[in-house]
Amino acid sequence: MTGYSRRLILGGAGACLALPTWAAAKPRQKGPTVVVIGGGFGGATAAKYLKRADPSLRVVLITGELTHITCPFSNTVIGGFASLAMLERNYDTLKSRWGIIVVTGMATAIDTAKREVKTSGGASFGYDRLIVSPGIDFKWGELEGYDEAAAQRMPHAWKAGPQTTLLRRQLEAMEDGGLVVMSVPGNPFRCPPGPYERASLIAWYLKQAKPRSKLMILDAKDSFSKQALFQEGWGALFGDRVEWVPAGANGRVVRLDAKGGWVETDFDRFFPAVTNIIPPQKAGKIAAAAGLTDSSGFCPVDPATFESRLVPGIHVIGDACIAGEMPKSASSANAQGKITAAVVAAQLQGEAAPEAKVINICYSLLSPDYGISVTGVYGVRGGIRASVAGAGGVSPLGADAHFRKAEADYAFAWYASICSDSWA
Ligand SMILES: Cc1cc2nc3c(=O)[nH]c(=O)nc-3n(C[C@H](O)[C@H](O)[C@H](O)COP(=O)(O)OP(=O)(O)OC[C@H]3O[C@@H](n4cnc5c(N)ncnc54)[C@H](O)[C@@H]3O)c2cc1C
């Protein structure tokens, strides 16, 4: 026994977990290799916390990008009060401070028999354990007429980067009085409150710059995250500028023609000036290629260890996994990265995997000065990650402007904190 014990960490990033006490132990000369695929919130956090747990591990982080542009806070770019450059995160500190080997390139194949990952650069990396955090890909074509070419005219902006800039430019170029339409998919999808935060920040921009314009949300669902709080805020801030059309009121978009400039529900056709389509989603491509996905397109995992239920020895975290009641969020991905790092480090030491309860917190901005939040605590119950009864909660309805401003400030602080926790 190496004196394994646990301590609780309640970080600004909102995750609590058990870390081994041998975290600060003298490094062994040569430890086992853990490969991590994906350098977003899940993968970057897992890589860093593996090295924190056991500095002797050889940790290889394979990521498709030189810098990661975060989706959290990308709605502020669309709303016009932040720049895309503010959302860029690089891997310098993970390399220099934590000694992580960062490989830029796409993981193209996983050979589970040889325990090897192949990359687009032609290299292969052997592993003792593998953690996969590739985020999402889109189910192109599931919404009739929506493919990669259509996304150049009707952007999704659901992966931050050029698509975010495109949507912002379209809003700027639109004439005052133009109609903006957003299409929101059915569950599950990345960031359940994200579409409604986006609607709010677009409405906030319209209020300043295009006061005769309106925003219509065509939704494939009949309810949504923090609904009462969003609707209260929309009424107070934007009057009738925002219209939400639920599935039950014919809100689900069933087809579109990006060249023709229209979207259709079962009974109506709209010709918006700007159209934002958030398409149905699945786990990042490499997950399916490695046999990690089920018929939902996402990856079933053990809720305690995040080890794949389909391929032993591979852990899947972040948006790509099916995490029970935990939402697909940066906060969840970061927390799952920590759990999985602790589990993998312990297992490689021949120790039992620690158990952890974790927090997810999702802030949403309705304007730069108006924030709301939802928090949940998740443990293992009934074979899934389930919320702990009586823990967590949402912002109160009817709070005053001072309270909403404080929550907006907390949202900015949360963003700085979770980025630092993941990449620094
Ligand atoms: C508009 C918007 C707003 C959001 N706001 C919030 C918020 O306020 N709070 C919150 O908690 N969450 C928010 N989210 C959700 C959050 O962005 C995701 O849940 C989070 O990024 C998931 O982390 P991940 O590690 O699973 O995926 P990602 O962060 O997307 O990281 C995946 C990484 O893997 C890389 N990759 C993919 N495939 C491969 C491969 N084969 N080889 C190598 N690399 C690969 C990608 O390039 C990427 O860098 C928001 C999302 C959106 C769209």
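Helix H6 runs over residues 227-238, so to speak a 12-residue stretch, and spans 15 Å from first to last C-alpha, close to the expected 16 Å (1.5 Å times one less than the number of residues). Helices here are DSSP runs of H or I with at least four residues, strands are E runs of at least two, and both are numbered from the N terminus. The model is predicted: local features need pLDDT of at least 70 and side-chain atom pairs 80 or more, while totals for chains, interfaces and linings use all residues. Numbering starts from 1 along each chain as its sequence is written, and side-chain values use heavy atoms, without hydrogens and water.

**Exercise 1.** Work out which residues of H6 are buried.

*Solution.* 
1. Buried means under 20% relative accessible area (1.4 Å probe, protein chains only).
2. That picks out Gln227, Leu229, Phe230, Gly233, Trp234, Leu237 and Phe238.
3. Look down the axis of H6: these residues fall within an arc of 160 degrees, so they line one face of the helix (directions run from the axis to the C-beta atoms).

**Exercise 2.** Find which backbone atoms lie by oxygen atoms of the ligand.

*Solution.* 
1. A polar backbone atom of Gly42 is 2.9 Å from a ligand oxygen.
2. For Ser331 the distance from a backbone N or O atom is 3.0 Å, and for Ser329 it's 3.3 Å.
3. Now the cover: alone, the ligand exposes 1,000 Å², and the protein buries 94% of that (Shrake-Rupley method, 1.4 Å probe).

Terms used: Buried means under 20% relative accessible area, exposed over 50%, partly exposed in between (1.4 Å probe, protein chains only). A polar contact is a pair of N or O atoms within 3.5 Å; within protein, one must be able to donate a hydrogen and the other to accept it, and residues adjacent in sequence count only if both atoms are side-chain atoms.
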